[in-house]
Amino acid sequence: MKQKYMTRLTRWARWMLPPKEARDVIADYRDIVDDPELFQNLSRPRKAVRSLAQTKPYRIWLAVFVALSACILIPGVSPLPGMWAFWTHCFYLRYFGIHIGSALAFLGMAGALVWFRWKGYKEARLPRAIPVLLVLLLAWTGAVLLVNWLWMRDPLSFSEMWGETPLYALFGLVRIGPPDYTVSRSVHMLQTALEYGGFVMALIGEFGLVKARLEDRRWIAVYVLGMAAMLVCMSTLALMTSMELPDLSAAWWVPYLQTWLVYAGIGVVGAGAALC
């Protein structure tokens, strides 16, 4: 009972209070719960912490959290069914020469690193789950880059793999082409993997953002690398579904691959900075 109470109170304290205040409150309540009489009179963890939280700092944190969440979730959900208005503005249209999705991603990375280096809490030991998720994100990003290289070097051979499938499968159950209009099954599988894989990468990054507040600021490395993995997926999907054909010269794919490598590299460097 006492352990459960302290677990919940610790989470609420770290969510609602600045790091130093949260540590002091948690330490004080550890002493209180050891006294049976005082423990019986304690209010619920959320109510107890809320009574101690200052309104302005907490609202500032909520504003930062909403902004950082928007930076990763808006691009992350944009290719899903029903979200194509977001997709158009994030990865098709350019504003001042840049896609909104890319701008949001870089803004989120920079904002998260600055905020949590300034306001974050660091445990003595690195949580074990962080390296596991970072390896997962790196493996996914590497796999996407490898597949991109394969289909871009030889699009014809790649598109002929595994036969044909109806085009409507690309965008749910609504057919958008003639009844006999088909697309390579390999291309369909890649686009579907990019759509939902990018969304999952965004969710993993959002999970890292929440954990960075609740446990250890180094969780922001998962947010940063998840952002980069999502951005590689979405920018690849944007190229594959674009109605504007690129210049299909012998090395047309090199600038695109270089751009994706830059995205991945920024994510790796940002994650390394978050772990320091």
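Reader: Is cysteine 90 buried or exposed?

Author: Cysteine 90 is buried, with a relative accessible area of 2%, where buried means under 20%, exposed over 50% and partly exposed in between (1.4 Å probe, protein chains only). This is a predicted model, in which local features need pLDDT of at least 70 and side-chain atom pairs count only at pLDDT 80 or more, while totals for chains, interfaces and linings use all residues. Residues are numbered from 1 along each chain as its sequence is written, and side-chain values use heavy atoms, with hydrogens and water left out.

Reader: How many disulfides are there?

Author: The count is zero, a disulfide being a pair of cysteine sulfur atoms within 2.5 Å. Cysteine 233 is buried as well, at a relative accessible area of 1%.

Reader: How many salt bridges does the structure hold?

Author: The structure holds four, each with a side-chain nitrogen of Lys or Arg within 4 Å of a carboxyl oxygen of Asp or Glu. One of them joins glutamate 123 to arginine 14, with the closest N and O atoms 3.1 Å apart. Glutamate 123 lies in the loop between helix 7 (100-119) and helix 8 (129-153) and arginine 14 in helix 1, so the pair ties together parts 109 residues apart in sequence; helices are DSSP runs (H or I, at least four residues), numbered from the N terminus. Glutamate 123 is partly exposed at 28% relative accessibility, whereas arginine 14 is buried at 18%.

Reader: What separates lysine 20 and aspartate 24 in helix 2?

Author: Lysine 20 and aspartate 24 are four residues apart in helix 2 (residues 19-33), which is about one helical turn, and their side chains meet in a salt bridge of 3.5 Å, N to O. Lysine 20 is exposed at 55% relative accessibility, and aspartate 24 is partly exposed at 38%.

Definitions and conventions
Helices (H or I, at least four residues) and strands (E, at least two) are DSSP runs, numbered from the N terminus.
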